[in-house]
Amino acid sequence: MIREITYVLMDPAHNYTILAETAVPEELQPDAAARLMEREPLAEQVGFLTTRGDMPALRMAGGEFCGNAAMSAAVRQAEKAGIPDGTTALWVSGAKQPVSVSVKQKGEHLWAASVTMPEAGDVVMTDLPGGYRLPVVPFGGIAHVILEDPSSKGRAEELAKQWCAFLHRDAVGLMYYNAPEAKLDPLVYVPGADTMCWESACGSGSSAVGVYLAQRCGKPVTAVLKQPGGVLEVKADPAGSVILSGTVKQVYQKTIDL
């Protein structure tokens with residue numbers, strides 16, 4: 001069936017995100033997301049905007065949590081409402097409670113944003129398939145594996161599938177972290193949406209790295225992480241609290257037939 005759908009393309013650190021504003025039943029969202037990404041080759045993920053009670057809500061196509069998409073959704077709300085500076089609360093898939101996002105307009109369709117992330121679980125050294133023993137950070141439906149040795153990059157996509165099944169998570173991230181250069185190369189696999197993507201920037205993955213560093217040194221840390229598409233800043237403490245900050249740009253809005 002042909003379905004008209006309106007969406008907006010957002011750019012948080014080049015982690016291009018489609019936010020669908022037309023209601024799509026949850027069981028049809030993975031298929032709709034795949035079709036939308038075919039239309040938008042730059043897009044790395046898709047979320048669906050709705051409301052829950054009197055609060056805006058965002059559900060990612062695979063049911064995972066995404067910090068960049070949460071910031072994008074709050075920016076979109078502020079753009080539509082014509083509010084240049086403020087804080088909003090919204091429901092996001094993978095989070096048990098609403099998350100708080102602060103936004104401030106910096107230019108035409110350009111915003112600074114900060115999101116208080118869902119609290120991460122403890123970093124656990126885990127024996128993973130393939131003979132790897134690595135730190136794993138659980139984060140709102142997604143588990144991030146921190147890798148400071150890049151030697152497994154050639155097998156990363158294969159490992160992501162194996163580890164996601166092993167960890168029983170809605171999604172898994174492989175965060176290749178280069179500590180001396182503060183660089184992060186994120187790979188995210190979401191089986192529910194059938195997506196495997198080397199992302200330009202990963203909000204929850206950056207947050208997981210922040211928690212990993214904070215728990216390792218036993219004190220709060222601030223990390224500015226350079227990623228393929230831009231920079232994200234995380235402030236994390238050993239208890240798992242994280243604030244993620246970055247810039248978000250609204251690219252354009254479209255209505256198409258799928």
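**Figure 1. Contacts of Gly240.** Beyond the residues within four places of it in sequence, Gly240 is in contact with Pro118, Glu119, Ala120 and Val211. The structure shown is a predicted model. Gly240 lies in the loop that joins β15 (230–236) to β16 (242–257). Its relative accessible area is 0%, so Gly240 counts as buried, the limit for that term being under 20%. Tyr212 is 28 residues away from Gly240 along the chain, and 8.9 Å separates the C-alpha atoms of the two residues.

**Figure 2. Helix α4.** This helix comprises residues 203–217, 15 residues in total. From the first C-alpha to the last, α4 reaches 21 Å, close to the 21 Å expected at 1.5 Å a residue. The helix is mostly covered, with twelve of its 15 residues buried. Among these buried residues are Ser204, Ala208, Val211, Tyr212 and Leu213. Just after α4, Gly218 adopts a positive phi of about 75 degrees.

**Figure 3. The largest nonpolar core.** In soluble globular proteins, nonpolar side chains tend to be buried together. The largest nonpolar core of this model holds 71 residues, of which Leu36 and Leu58 touch the most other members. Helix α2 (residues 67–81) gives the most to this core, contributing seven residues. A further core, of 17 residues, lies apart from it and includes Val136, Ala156, Ala160 and Val172.

**Figure 4. Surroundings of Leu36.** When residues up to four places away in sequence are not counted, Leu36 touches Ile5, Tyr7, Ile18, Ala20, Val46, Ile256 and Leu258. Leu36 belongs to the largest nonpolar core.

How values were computed. Residues numbered from 1 in each chain as written. Predicted model: local features only at pLDDT ≥ 70, side-chain atom pairs only at ≥ 80, totals over all residues. Heavy atoms only, no water. Helix = DSSP H or I, 4+ residues; strand = E, 2+ residues; numbered from the N terminus. Buried < 20%, exposed > 50% of the residue type's maximum accessible area, 1.4 Å probe, protein only. Contact = heavy atoms within 4.5 Å. Core = buried A, V, L, I, M, F, W, Y, C linked by side-chain atoms within 4.5 Å. Expected span 1.5 Å × (residues − 1).
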